[in-house]
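I opened this notebook to record what I looked up in the structure below. The entries follow the order in which I consulted it.

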Amino acid sequence: MVKRLLRRLQQRRNWWAWLAVVAMLAVAWGSLTPASGLPQTLPWDKANHFMGYGVIAGLIHLAGLRASGAFWVAVIYGVTLEGLQMVVPGRLGGDPYDVLANTLGAGSAIVLLNGVARWLSRAG
């Protein structure tokens, strides 16, 4: 049963890849929208960064990229968006704490997925 589950997840790599693209576009939209187009207060900003880049890294990894590659794609994407925010009206961008939250989220997702995969492989 566990082997079937792992096989099914691997067979859906194209689906995971499309979800990763959708997640990346959603994060880009939120990151590059001028401040006037966003709510004035965004609660849990760092948690949003953590979860967003965790989802991106996790989906990229599920799409078939190695753990280290998925991690670095998410981190570089986050750094790039932080840099691009500097030219968006009303946005500061370049926040090192946002980059840290992005990095921790991406790393946590990769560690979690690898842990689940190891646990499932031992169970089956």
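**Entry 1: Charged side chains**

I looked up Asp45 and found it partly exposed, with a relative accessible area of 28%; buried means under 20% relative accessible area, exposed over 50%, and partly exposed in between, with a 1.4 Å probe and protein chains only. I note that this is a predicted model, in which local features need pLDDT of at least 70, side-chain atom pairs count only at pLDDT 80 or more, and totals for chains, interfaces and linings use all residues. Residues are numbered from 1 along each chain as its sequence is written, and side-chain values use heavy atoms, with hydrogens and water left out.

I then checked the partner of Asp45. Its side chain meets that of Lys46 in a salt bridge of 2.9 Å, N to O; the term requires a side-chain nitrogen of Lys or Arg within 4 Å of a carboxyl oxygen of Asp or Glu. Lys46 is partly exposed as well, at 34% relative accessibility.

**Entry 2: Further partners of Lys46**

I followed Lys46 to Asp95, where the side chains form a salt bridge of 3.3 Å, N to O. Lys46 lies in helix 3 and Asp95 in the loop between helix 4 and helix 5, so the pair ties together parts that are 49 residues apart in sequence. Helices here are DSSP runs (H or I, at least four residues), numbered from the N terminus. Asp95 is partly exposed, at 23% relative accessible area.

I next found a salt bridge between Asp98 and Lys46, with the closest N and O atoms 2.6 Å apart. Asp98 belongs to helix 5 and Lys46 to helix 3, so this pair joins parts 52 residues apart in sequence. Asp98 is buried, with a relative accessible area of 7%.

I recorded a count of three salt bridges. Asp45, Lys46, Asp95 and Asp98 are linked in a network of them.

**Entry 3: Helix 4**

I looked up helix 4, residues 67-85, and noted 19 residues. From first C-alpha to last, helix 4 reaches 27 Å, close to the 27 Å expected at 1.5 Å a residue; the expected span is 1.5 Å times one less than the number of residues.

Which residues of helix 4 are buried? I listed Ala67, Ala70, Phe71, Ala74, Val75, Tyr77, Gly78, Leu81, Glu82 and Gln85. They cover an arc of only 160° around the axis, which puts them on the same side of helix 4; the arc is that of the directions from the helix axis to the C-beta atoms.

How values were computed: Helix = DSSP H or I, 4+ residues; strand = E, 2+ residues; numbered from the N terminus.
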